[in-house]
Amino acid sequence: MKRDEKNLLSRRKILDSAFQEFGGQGYGLSSVNTICNAGKISKGILYHYFKDKDELYLACIKEMFDNLTSHLREQLSNVSETKEARLERYFSARLVFFRANPLYHKLFCDVVIAPPPHLADAICKIKTEFDNLNITVLTELLQTVKLRADITMEMVVDTFRLYQDFINARYQMETNKEIGIEKHEQTCKRALSVLLYGVIERDGN
């Protein structure tokens, strides 16, 4: 086996074990010792590839956001649909991704709601492309409709972020094991629908 291939396999083994630990326990309760023991990895090997727990955590976060963003871009590319259908495609693509990668989902909710404070800036940079994609999807939809005179596009985007933060936080605090990925994603979609279309039927509409 070539050296480069061996390095890639070793790094992959570390990341796989780290995803299990971070995805299951979150950053605060995770430890390098557990990652090493669970993956049958020596500390020397781990520290050869990653300086410390923080660097390993950020590597997992980057892989998760890179893969999620790439998946969403692929699913949303070259598609001519109504705004409702495009929105449905976006959330369906998210659900497919997280269903296939359940540890990613737990990590995703952890990092968007309560990132380790000392890593917040680094995480913000890592998820820039994902954030920009979300804003693009929402603004493209908003450009096809007429907003109220006292509402700006920026206000809608900021409000949706507040909705998302609340939903993700509730998911994190939920102890009922029946609250799964599907329900979380459906709640996100419902929140956006309420934000965009309201809840009150107006006279004359």
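**Aromatic side chains and their surroundings**

Modeller: Happy to! Let's begin with Tyr57, which has a relative accessible area of 1% and is therefore buried (under 20% is buried, over 50% exposed and anything in between partly exposed, using a 1.4 Å probe and protein chains only). Please keep in mind that this is a predicted model, where local features need pLDDT of at least 70 and side-chain atom pairs count only at pLDDT 80 or more, while totals for chains, interfaces and linings use all residues. Residues are numbered from 1 along each chain as its sequence is written, and side-chain values use heavy atoms, leaving out hydrogens and water.

The structure contains ten aromatic pairs (rings of Phe, Tyr or Trp, the latter by its six-membered ring, with centres within 6.5 Å; planes under 30 degrees apart are stacked, over 60 edge-to-face, the rest tilted). One of them joins Tyr27 and Tyr57: their ring centres are 4.9 Å apart and their planes stand at 70°, so this pair is edge-to-face. It links distant parts of the chain, with Tyr27 in helix α1 (residues 3-29) and Tyr57 in helix α4 (residues 53-76), 30 residues apart. Helices here are DSSP runs of H or I with at least four residues, numbered from the N terminus. Tyr27 is buried as well, at a relative accessible area of 17%. The ring of Tyr27 has another neighbour: the charged end of Lys53 sits over it, 4.1 Å from the ring centre (the test asks for NZ of Lys or CZ of Arg within 6 Å of the centre and within 35 degrees of the ring normal).

Phe108 belongs to helix α6 (residues 102-113) and Phe130 to helix α8 (residues 128-142), so the pair ties together parts 22 residues apart in sequence. Phe108 counts as buried at 3% relative accessibility, and Phe130 does so at 4%. These two also belong to an aromatic cluster, together with Phe19, Phe65, Phe97, Phe98 and Tyr104.

α8 has 15 residues and reaches 21 Å from its first C-alpha to its last, close to the expected 21 Å (1.5 Å times one less than the number of residues). Besides Phe130, the buried residues of α8 include Leu133, Val137 and Leu141. An α-helix has 3.6 residues a turn, so residues three or four places apart point the same way. Phe97 and Phe98 are among the buried residues of α5.

Charged side chains complete the picture, with ten salt bridges in the whole structure (a side-chain nitrogen of Lys or Arg within 4 Å of a carboxyl oxygen of Asp or Glu). Glu63 and Arg12 meet in one of them, at 3.0 Å from N to O. Glu63 lies in helix α4 and Arg12 in helix α1, so this contact ties together parts 51 residues apart in sequence. Glu63 is buried at 17% relative accessibility, whereas Arg12 is partly exposed at 31%. Asp16 joins these two residues in a network of salt bridges. Elsewhere, Lys127 forms a salt bridge with Asp131, their closest N and O atoms being 3.0 Å apart, and both residues are buried.

Notes: Helices (H or I, at least four residues) and strands (E, at least two) are DSSP runs, numbered from the N terminus.
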